[in-house]
Amino acid sequence: MEFRLLGDLRVTDDAGRTVVLPARQRLFLAILLCHAGTPVSADRLIAEVWSGEPPRTAAKSVHVAVHRLRRGLGEGRLTSSAAGYTLHVRPEEVDAARFERLAAEARASGGIELYRRALETWRGRPFDGVGHAPCVAAEAGRLEERRLAVLQARLEAELAAGGHADLVGELARLAAEHPLRERFHALLMLALHRAGRPAEALAAYREARRGLVAELGVEPGEELSTLHDRILHADPALALPRERILHADPALALPRERTLGGDPALGAEAGGAFTLPTDISDFAGRAELVERACAALRRRGSAVPVVAISGPGGAGKTTLAVHVAHRMREHYPDGRLYLRLTADAEPGATLARVLRGLGVFGQELPETFEERAELYRRRLAGRRVLVVVDNAATEAQVVPLLPGEPGCGVIVTSRARLGALAGAEPVEVGELTEEQSLGLLARIAGSTRVDAEPGAARELTRLCGRLPLALRICGARLAARPHWSVELLVGRLRDERRRLDELTYGDLAVRAVLTFSHQRLGPDEARLLRLLSLLEAPDFPAWAAAALMDRPVAAAEPLVEELVDARLLEVAGTDAAGQLRYRFHDLVRLCAREFAEREESPEERAAAVERAMGAWLAIVNAADRGQFGQGTERRSGAVPWSPGEEFERRVADHSHAWLEAERTAILAAVRQSAGAGLAGHCWELATYARCLWKCCGYREEMREAHGTALLAAERAGDGRGQAMAHHGLAEWARLVGRPEAGREHLEAATLLFERLGDTRGLAVTLHHRGIYLHRTGRPAGPTLLRALELARESGDGRSQALILRSLTSLRLAEGDPAGAEPYALEALRVCRDRPLGRLETEMVFNRGVVRMALGELDAAEADLGQAYERVRGTDPDGEAQVGYNLAGLLHRRGRHGEALGLLDGAEVFARRARDGGMLARLLRARALNCRALGREADAVAAEAEADEIDARLPA
């Protein structure tokens with residue numbers, strides 16, 4: 001049997017007959033060939049075939065496809081095991097293996113014929129037409145890279161043997177197809193020089209340089225530049241004997257780009273400055289964008305089709321535009337006109353330059369802008385010309401260059417989104433995927449090095465932000481330093497302070513590209529970019545920008561959107577509160593922070609950060625008031641920065657959604673406040689956000705926030721901050737079942753509050769001490785009553801309600817529901833007198849639990865049902881707690897199916913929060929209801945899991 005994958009995938013049996021396979025089986029076969037001899041799991045096959053969310057039938061489709069593929073390939077070819085499916089092939093059965101063998105023999109002997117035989121095994125692009133799978137695309141890229149390496153070796157051998165005249169045409173084609181491979185350009189120049197055509201050799205150098213500068217902004221490397229100088233000075237060491245030069249074939253000259261149908265009136269300059277750069281064959285996964293752009297340019301109507309390509313610096317906009325323009329050669333047979341603009345290019349001057357390129361000189365060139373525009377449109381009238389306008393800054397630069405008739409088309413590239421170009425097809429060029437980034441890196445640095453260090457290579461793509469420019473720089477540095485490991489370069493890039501210094505190679509630098517973008521901004525936008533870079537939050541809303549600039553939110557929002565349009569900020573999405581969130585590309589943030597350190601004084605930077613921390617403080621304070629009606633007393637001296645009263649009201653009305661939306665940013669603000677010496681902001685942020693950490697099950701965030709706050713308060717000598725942080729850590733310890741750690745933190749908090757004479761703080765601390773006493777089986781009543789007394793003395797309604805609820809639970813645990821009822825009723829009354837927002841719901845629930853204990857099941861169901869409706873979808877912890885108790889009531893009433901539905905939702909929260917105690921209780925409740933429904937196996941499984949969890953819980 002033979003497997004041919006160097007072209008369209010073909011399989012022939014031992015008799016030479018083609019094995020016909022449907023498209024889906026061909027794709028599975030291609031994936032298995034990429035891993036021949038190695039098991040491939042069903043999950044891996046699903047991930048390769050279906051990107052994103054696979055269909056529910058994916059596993060069945062894999063099974064069916066493999067079964068049919070096994071039948072098509074014959075017995076023993078495709079086996080299965082616990083590890084997956086394994087395709088068994090011998091090297092001599094695969095054309096790619098034959099290619100490698102012949103190439104190795106050619107390298108060892110230097111034989112040109114062996115190189116040719118190796119290359120003759122190729123019929124086209126590897127795996128052509130099998131469909132997309134990441135591993136197949138990666139293997140196809142690797143094989144293509146190997147083909148080019150062997151092709152290069154063959155050309156070098158033939159050139160050394162004196163075959164320069166015969167090679168010129170082939171080398172010219174390869175240089176055009178692979179404009180960034182400088183070696184092909186060098187071989188072409190040498191072949192032309194040896195063929196007695198030095199002028200064309202120098203022209204080939206200029207064409208190579210033009211492509212490198214246009215695509216990467218970099219001058220040719222040392223090899224190409226040195227060869228240019230040697231040809232320019234007729235270095236005799238480059239020449240072959242005279243008799244060979246005389247036999248050079250003039251028909252093999254490098255063809256020039258045909259410009260605008262070859263009309264002599266169009267002028268010589270159009271074939272130079274306005275000639276389309278050479279194409280690049282590989283676009284690292286841009287196929288969808290290419291097809292969309294080409295489809296737009298094929299449309300025929302009453303208007304000129306325009307494609308507007310936008311993206312950040314270094315993303316490959318020009319590469320994409322040039323590739324599309326070459327693809328559209330047949331559709332626009334009268335030529336392609338390439339115009340690269342500068343930021344300050346004035347439309348009238350641009351038109352004059354274009355018209356001169358089209359053969360308009362001297363007095364023929366109109367004086368006025370309007371006449372130039374009219375003449376430009378007349379010159380293109382009746383023709384099918386594609387105009388490529390590269391690096392436009394504004395729509396005003398582009399509009400005068402639009403042809404007047406729909407036979408022509410236009411491609412525009414810009415860092416900004418040119419939304420005012422009516423009818424333009426927008427094409428966004430973003431960062432590459434990880435697989436595309438690895439493929440690009442492998443093509444430049446060599447697949448062997450990338451494959452040898454897969455983990456380091458992935459981290460390298462992350463540190464480069466998957467930006468093509470940064471990846472090209474890193475690939476070039478690795479290629480130039482074969483003694484470097486990928487990990488060595490990764491280690492140099494990990495240091496943020498020197499990363500931009502490392503992302504430089506020759507004249508190519510990420511910093512230069514981003515500096516250019518910064519220089520094009522207005523003063524307000526540029527300052528906002530610098531200040532935003534100071535934030536450590538991974539993403540942020542527009543009001544954070546307002547705080548940094550100390551301006552109203554309405555004034556800051558347009559500036560943020562200008563930065564988005566300039567591709568210096570990205571829209572991260574819409575959060576749970578319905579607000580847009582923005583983020584930096586990592587490399588843009590680093591560069592903007594350099595600008596901030598250079599152009600903003602230390603005092604200005606510190607003040608901006610303090611305002612931003614104050615803005616998040618105002619938000620969590622408003623959310624806390626929305627949750628409890630009465631906010632935590634502020635006594636740190638930290639000054640909030642309010643986005644506005646109406647804004648804070650919206651936060652209070654939807655407090656849980658806002659806290660969820662800002663969850664990651666709040667934790668980042670806690671860290672940044674600590675690092676900036678803003679201890680008050682730090683511990684207040686942690687305190688206000690405690691309900692978020694608790695209610696949503698974010699236990700680790702809760703521990704980190706209060707732990708960070710404690711260290712910050714200790715450094716600042718802030719006793720109240722230390723006490724509040726210890727109290728928060730005690731609550732965290734209680735939630736995760738670490739009573740000993742909780743007791744230590746409570747003791748520390750109590751001592752600090754006593755020293756401060758803080759009655760309110762003492763009430764809160766004694767309350768939690770009472771909870772710990774009760775949970776460890778010790779008398780808690782006196783401690784809770786003392787806490788209640790102090791809470792009443794301080795006027796703290798929130799603490800009073802919470803302590804009364806704990807007294808209710810204590811009496812219920814003692815088997816005294818009648819004694820619990822007065823506490824439950826008083827707690828509800830306190831909440832309604834204040835009012836205390838969400839706490840009232842908790843106390844309605846509290847009363848429902850007492851009524852259930854008293855046997856008043858109808859009243860209990862009304863209370864628990866009311867509480868459940870209030871917390872559902874807004875308070876996961878509350879939903880789980882109320883759901884558990886309501887399920888218990890429904891079990892008593894024989895409504896076991898409804899009870900199981902409530903327990904399902906509660907279990908989801910308990911598992912996410914890793915709350916073992918709650919999960920064990922829920923599982924035991926599940927077992928009771930399953931057994932009542934006759935589902936004994938489910939009941940036994942639930943009890944077994946509960947027993948396992950209980951065994952792991954601390955005593």
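Student: Which residue takes a positive phi in the hairpin of β12 and β13?

Tutor: That's Gly578, with a phi near 85°. The hairpin has five residues between its strands. Bear in mind that this is a predicted model.

Student: What makes β12 and β13 a pair?

Tutor: Two strands pair if there are at least two bridges between them. Strand β12 (residues 570-574) and strand β13 (residues 580-583) are joined by four bridges, so they pass that test. They run antiparallel, and Gly573 stands opposite Arg581 in β13.

Student: What is the strand order in the open sheet, and how do the strands pair?

Tutor: Five strands line up as β6-β7-β8-β5-β9, with parallel pairing.

Student: Why are β6 and β9 called edge strands?

Tutor: Each of them, β6 (336-340) and β9 (425-428), pairs on one side only. On average, neighbouring strands of this sheet are turned by 15° against each other, direction ignored.

Student: How do you know that β6 pairs with β7?

Tutor: Count the bridges again: at least two are needed, and five join β6 to β7 (residues 386-390), so the two strands count as paired. Within that parallel pair, Arg336 stands opposite Leu386 in β7.

Student: Which helix lies across these strands, and at what angle to β8 does it run?

Tutor: Helix α13 (residues 317-327) lies across β5 (306-310), β6, β7, β8 (409-414) and β9. Its direction is at about 165° to β8.

Student: Why is Thr708 called buried?

Tutor: The cut-off is under 20% relative accessible area. Thr708 has 18%, so it counts as buried. You'll find Thr708 in helix α34 (residues 699-716).

Student: Why do the buried residues of α10 line one face of the helix?

Tutor: In α10 (residues 222-232) the buried ones are Leu224, Leu227, His228 and Ile231. Looking down the axis of α10, they fall within an arc of 105°, so they line one face. In general, an α-helix has 3.6 residues a turn, so residues three or four places apart point the same way.

Student: What covers those buried residues of α10?

Tutor: The cover includes α8 (182-194) and α9 (198-216). Just after α10, Ala234 takes a positive phi of about 50°.

Student: Which residues have the most contacts inside the largest nonpolar core?

Tutor: Leu460, Leu532 and Trp616, in a core of 146 residues. Helix α28 (residues 602-628) supplies the largest share of this core, twelve residues. Leaving out neighbours within four places in sequence, the contacts of Trp616 include Phe540, Trp543, Ile666 and Leu685. There's also a second, separate core of 76 residues, with Leu33, Leu148, Leu192 and Tyr205 among them.

Student: How many helices and strands does the protein chain have?

Tutor: There are 46 helices and 13 strands. Of the chain's 955 residues, 53% count as buried.

How values were computed:
Residues numbered from 1 in each chain as written. Predicted model: local features only at pLDDT ≥ 70, side-chain atom pairs only at ≥ 80, totals over all residues. Heavy atoms only, no water. Buried < 20%, exposed > 50% of the residue type's maximum accessible area, 1.4 Å probe, protein only. Arc of directions from axis to C-beta. Contact = heavy atoms within 4.5 Å. Axes fitted to C-alpha atoms, helices over the stretch in contact; angles between N-to-C directions. Core = buried A, V, L, I, M, F, W, Y, C linked by side-chain atoms within 4.5 Å.
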